[in-house]
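The sequence and the coordinates are shown first.

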Amino acid sequence: MRISAAFLALTALSLPALAEKGHVHGEGSLEVVIDKGNLSLRLELPLDVAVGFERAPRNDKEKAALAAAQQALSDPALFAPTPAAGCKPEPARVEMPAFDGRKPPEHADIEATHDFRCATPSALKSVETTIFKHFKQLYRLEARRAGPGGQGAARLTPKNPVLAW
Amino acid sequence: MLRLAALSAWSRRLTLGLTLIAIALAVTLLLSVERIRVDARQSFTQSVSGVDLVVGARTGGVQLMLYAVFHAGTASNNIAWDSYQAIATHPAVDWALPLSLGDSHRGFAVLGTSADYFARFRYGDKEELRFRQGKPFAGVFEAVLGSEVAQGLGYRLDDRITLSHGLGELGPEHGDKPFRVTGILAPTGTPVDRTVHVSLESITALHLDWVGGAPLPGVNIPSAFVAKFDLRPKEITAALVGLKQRGDVFRMQRFINQYRGEPLLAVLPGVALDELWQSVAMVERTLLAISALVVLIGLAGLAATLLAGLNERRRELAILRALGAGPGDVFLMLTAEGALVTAAGALLGVLLVTLGSGLAAPWLLERFGIVLATRLPGGQELALIAAVIATGLLASLVPGWRAWRMSLADGLTPRN
């Protein structure tokens with residue numbers, strides 16, 4: 001009994017700073033807030049995952065890839081809240097990294113914000129994402145949420161693209 | 001027939017007893033792993049409610065949670081009072097509770113905080129702290145005790161207690177500045193029960209004539225004069241923060257994590273716990289798998305013992321047959337013996353776990369903030385026990401079947 005408890009504690013203490021998420025290739029982060037009738041999702045994706053490079057586009061093909069990524073991330077169908085909650089999407093905001101051309105950035109992220117207004121927020125129990133279908137390089141999304149039922153964290157993957165609480 | 005079977009088992013009590021103990025220990029291990037897993041989650045989740053952010057110096061999120069919420073372990077660094085003020089007065093912040101840890105009273109943690117704490121703090125399902133007796137502290141050198149502190153040490157209202165510096169029971173005493181007990185809280189089943197609450201000013205006042213963790217020789221400021229000093233704290237250990245709007249929580253977290261004054265860390269308590277469970281899930285599964293394996297080994301031992309005993313019992317079984325027992329009876333007897341030993345082992349295991357958790361509970365609470373409930377097994381634990389007994393029955397079928405075959409073939413004089 002002692003050993004297992006110590007084991008647990010050891011594992012706990014050896015964890016890195018959990019809140020400080022760095023830039024990890026292949027991994028995005030998702031913040032979900034439910035406040036009254038508002039559902040707000042903020043997605044951060046390494047540019048590399050979306051288009052395969054992290055610098056200014058060099059040719060038309062790369063420019064097209066950037067545009068396609070922006071298009072996919074603006075799609076209101078990217079996230080599907082519980083249908084019973086009656087959530088209506090508001091226009092998504094997507095911020096692409098700005099390449100001013102002078103100093104190449106070490107890393108670049110895309111930020112996308114999707115807001116919903118929900119008629120019955122009490123029925124809101126999950127959000128499903130189709131993001132893994134658009135970006136094959138993305139193999140997980142670290143989701144953190146804060147809502148009336150409390151806070152929590154979950155890992156979304158292509159096999160499990162549903163955040164439920 | 002039953003009597004004969006019982007007598008036969010009694011004549012082999014040493015072997016069967018040892019097998020029984022092996023099974024009991026295996027079941028104890030299995031149940032302990034499961035119980036600690038469930039109770040750790042339960043007690044961590046219950047300990048804090050309605051707090052949007054926990055703020056401390058930059059360490060690990062779990063470590064911050066451990067000392068700020070569960071008063072277990074120690075902080076590596078403090079945060080400056082100015083930083084706390086900057087957060088507490090931020091427009092998005094509804095309320096903030098400063099926490100100052102580091103002193104203790106006979107093994108119980110001492111928490112310096114504001115009097116607001118008793119009105120703001122929530123545990124379990126948004127439950128408020130209730131006073132069983134008395135009221136919050138109002139001035140310097142007044143203390144509010146958690147229920148277990150009061151009960152364990154036999155304190156009443158208006159008793160005088162002295163705190164010690166540091167966390168050990170042997171730390172230097174703040175003997176010159178006793179505290180008066182102004183209130184005793186109702187039990188919560190959380191670390192609050194094991195905490196002595198005082199004001200932040202009291203913590204500063206205690207250490208007025210201290211430098212570098214020891215009393216300054218030759219300097220002794222009597223309690224009556226401390227009010228003349230500036231008792232505003234210079235630093236605190238951590239803070240609990242509630243926001244006006246939940247929607248600001250991630251923004252505020254970023255604001256605190258990027259705070260320019262000093263390296264700070266803000267975590268969402270629910271998120272930090274979930275992330276902790278995510279990372280220990282693998283360890284938990286491994287531990288559970290290993291203990292399940294140990295149970296299997298115990299049950300295989302049981303089957304082996306019964307099988308090995310069969311050869312010696314050929315005569316006995318043949319005599320039973322001669323007395324009129326059918327092969328089915330012999331089969332039943334062997335199988336029942338195994339199943340009963342398993343059941344007895346499981347029962348003994350449950351008993352051991354109940355006793356053991358009673359013994360380990362204070363230690364787990366103090367070191368890891370885990371409230372281990374002493375209770376009879378329920379839910380998942382019952383399912384585990386049932387699985388053990390079912391497997392035991394299955395394993396006993398093997399010697400039962402062998403005995404059945406033998407009793408068909410053997411006469412009174414076994415051929416060998």
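The structure is a predicted model.

| Partner strand in chain A | Sense of pairing with strand 6 | Bridges | One bridge pair |
|---|---|---|---|
| Strand 2 (residues 38–46) | antiparallel | 9 | A:P46 and A:D109 |
| Strand 4 (residues 87–89) | antiparallel | 3 | A:K88 and A:R117 |

Strand 2 is joined to strand 6 of chain A by 9 bridges, and A:P46 has A:D109 of strand 6 as its bridge partner. Strand 4 contributes 3 bridges to strand 6, with A:K88 partnered by A:R117.

**The disulfide**

Across all chains the structure holds 1 disulfide. Its two cysteines are A:C87 and A:C118, whose sulfur atoms lie 2.1 Å apart. The link is right-handed, with 105° about the S-S bond. The pair connects distant parts of the chain, since A:C87 belongs to strand 4 of chain A and A:C118 to strand 6 of chain A, 31 residues apart. A disulfide is a covalent bond between the sulfur atoms of two cysteines. In this model, strand 4 and strand 6 of chain A are therefore joined both by 3 antiparallel bridges and by the link between A:C87 and A:C118, and the term buried applies to residues under 20% relative accessible area. A:C87 has 16% relative accessibility and so counts as buried. A:C118, at 11% relative accessibility, therefore counts as buried too.

**Chain B: overall features**

Chain B contains 12 helices and 17 strands. Of its 416 residues, 50% are buried. Among contacts in chain B with a separation of 6 or more, 77% are between residues 24 or more positions apart. The accessible surface of chain B comes to about 19100 Å², and carbon and sulfur atoms account for 61% of this area.

Over all chains, 9 aromatic pairs are found. One of them joins B:Y117 and B:F121, which are stacked with 5.0 Å from centre to centre and 25° between the planes. Both B:Y117 and B:F121 are buried. Another pair is formed by B:F141 and B:F179: the ring centres are 5.3 Å apart and the planes stand at 85°, so the arrangement is edge-to-face. B:F141 lies in the loop between strand 8 (131–134) and strand 9 (142–145) of chain B, whereas B:F179 lies in strand 11 (residues 179–185) of chain B, so the pair ties together parts 38 residues apart in sequence. Both B:F141 and B:F179 are buried.

Ring pairs also link B:Y117, B:F118, B:F121, B:F131 and B:F137 into a cluster. A charge–ring contact occurs as well: the charged end of B:R13 sits over the ring of B:W10, 4.6 Å from the ring centre.

Helix 2 of chain B (residues 13–47) includes B:T19. This threonine, B:T19, is buried, with a relative accessible area of 8%. Beyond its neighbours within four places in sequence, B:T19 is in contact with B:G301, B:L302 and B:T305.

Helix 3 of chain B (residues 61–68) is mostly covered, with 7 of its 8 residues buried. The buried residues of helix 3 are B:G61, B:V62, B:L64, B:M65, B:L66, B:Y67 and B:A68.

In a regular strand the side chains alternate between the two faces of the sheet. Strand 17 of chain B (residues 264–267) is covered on both faces: B:L264 and B:A266 are buried on one side, and B:L265 and B:V267 are buried on the other. Strand 17 pairs with strand 1 (residues 53–57) of chain B in the antiparallel sense over 4 bridges. Within this pairing, B:L265 of strand 17 is the bridge partner of B:G56.

Technical notes: Residues are numbered from 1 along each chain as its sequence is written. Chains are lettered from A and ligands numbered from 1 in the order in which they are written. This is a predicted model: local features need pLDDT of at least 70, side-chain atom pairs count only at pLDDT 80 or more; totals for chains, interfaces and linings use all residues. Side-chain values use heavy atoms; hydrogens and water are left out. Two strands pair if DSSP finds at least two bridges between them. Helices (H or I, at least four residues) and strands (E, at least two) are DSSP runs, numbered from the N terminus. A disulfide is a pair of cysteine sulfur atoms within 2.5 Å. Buried means under 20% relative accessible area, exposed over 50%, partly exposed in between (1.4 Å probe, protein chains only). Rings of Phe, Tyr and Trp (its six-membered ring) pair if their centres lie within 6.5 Å; planes under 30 degrees apart count as stacked, over 60 as edge-to-face and the rest as tilted. A charge sits over a ring if NZ of Lys or CZ of Arg is within 6 Å of the ring centre and within 35 degrees of the ring normal. Contact means heavy atoms within 4.5 Å. Accessible areas come from the Shrake-Rupley method with a 1.4 Å probe; for residues, only the protein chains shown count as cover.
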